[in-house]
Amino acid sequence: MKHIRLRRISSGFAFAAALFAAPLLSAQAQQQHAHVHGQIKLDVAIDGPTVVIDMESPLDNIVGFERAPKTAAEKKIAEDAIAQLRAADKLFVVDPAANCKLGPVDLRSSALGLGNPDPNEPPGHADLDATFSFNCTNAAAAKFIDVSLFAAFKGTRQIDSQIASAQGQFKRQLKRPAGAQASQPVRLNLGK
């Protein structure tokens with residue numbers, strides 16, 4: 001069984017972790033490690049002064065291949081993707097009412113040699129997982145996050161998200177927009 005990757009970010013973050021724990025454990029018991037090309041999973045937790053986004057994605061969605069980069073061109077693609085992910089405040093624009101600034105970014109991928117990747121990752125199906133933390137003066141005021149993952153990573157077709165906040169738990173699904181709209185951010189609503 002895959003372990004839940006939510007970490008204690010602030011003293012109040014246990015609330016959000018608890019909200020995610022029960023549904024995630026039952027979903028994980030049903031499916032070991034869902035690795036679906038074109039699909040990214042986002043868990044968003046809003047608690048106290050933080051907005052935390054936990055992302056799981058097949059590496060193919062991000063760089064176009066599922067292994068360590070071999071050629072100079074592939075290494076450049078991987079470096080560019082890592083730089084985009086580290087600049088997460090461009091990929092995820094939290095509602096300005098929350099007044100958030102990007103905090104720690106934790107990237108994990110065994111194929112790219114990043115962080116502490118999942119040791120249970122099946123061979124030949126490399127992932128890139130990440131945790132993006134935003135420090136806010138009024139996180140509870142956040143009503144949306146504008147997500148630019150479709151524009152940044154052409155292999156992404158769908159984003160499945162779970163949101164935990166003081167308002168409750170919600171699931172949302174975002175699909176890649178057609179045509180020129182695909183280069184625009186897609187709004188992830190955080191409430192009812």
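This is a predicted model: local features need pLDDT of at least 70, side-chain atom pairs count only at pLDDT 80 or more; totals for chains, interfaces and linings use all residues.
Helices (H or I, at least four residues) and strands (E, at least two) are DSSP runs, numbered from the N terminus.

Residues are numbered from 1 along each chain as its sequence is written, and side-chain values use heavy atoms, with hydrogens and water left out.

Two strands pair if DSSP finds at least two bridges between them. Here, three strands make up an open sheet, in the order S3-S6-S9, with antiparallel pairing. Strand S3 (92-94) and strand S9 (186-189) each have a single partner strand because they stand at the edges, so one side of each has no neighbour in the sheet. From one strand to the next, the twist averages 25° (axes are lines fitted to C-alpha atoms, for helices over the stretch in contact, and angles run from 0 to 180 degrees between N-to-C directions).

How many bridges join S3 to strand S6? There are three, and S6 covers residues 144-147. If you look across from valine 93, you will find aspartate 146 in S6 opposite.

**Salt bridges**

A salt bridge is a side-chain nitrogen of Lys or Arg within 4 Å of a carboxyl oxygen of Asp or Glu. By this rule the model has five salt bridges. Among them are these:

| Pair | N to O distance |
|---|---|
| Aspartate 54 and arginine 108 | 3.6 Å |
| Aspartate 80 and lysine 76 | 2.8 Å |
| Arginine 108 and aspartate 106 | 2.7 Å |

To describe their surroundings, we call a residue buried under 20% relative accessible area, exposed over 50%, and partly exposed in between (1.4 Å probe, protein chains only).

Now turn to arginine 108. Is this residue buried or exposed? Arginine 108 is buried, because its relative accessible area is 3%. The salt bridge between arginine 108 and aspartate 54 links distant parts of the chain: aspartate 54 sits in strand S2 (residues 50-58) and arginine 108 in strand S4 (residues 100-108), 54 residues apart. Aspartate 54 is buried too, at 5% relative accessibility. Aspartate 106, by contrast, is partly exposed at 26%. Through shared partners, salt bridges join Asp54, Asp106 and Arg108 into one network.
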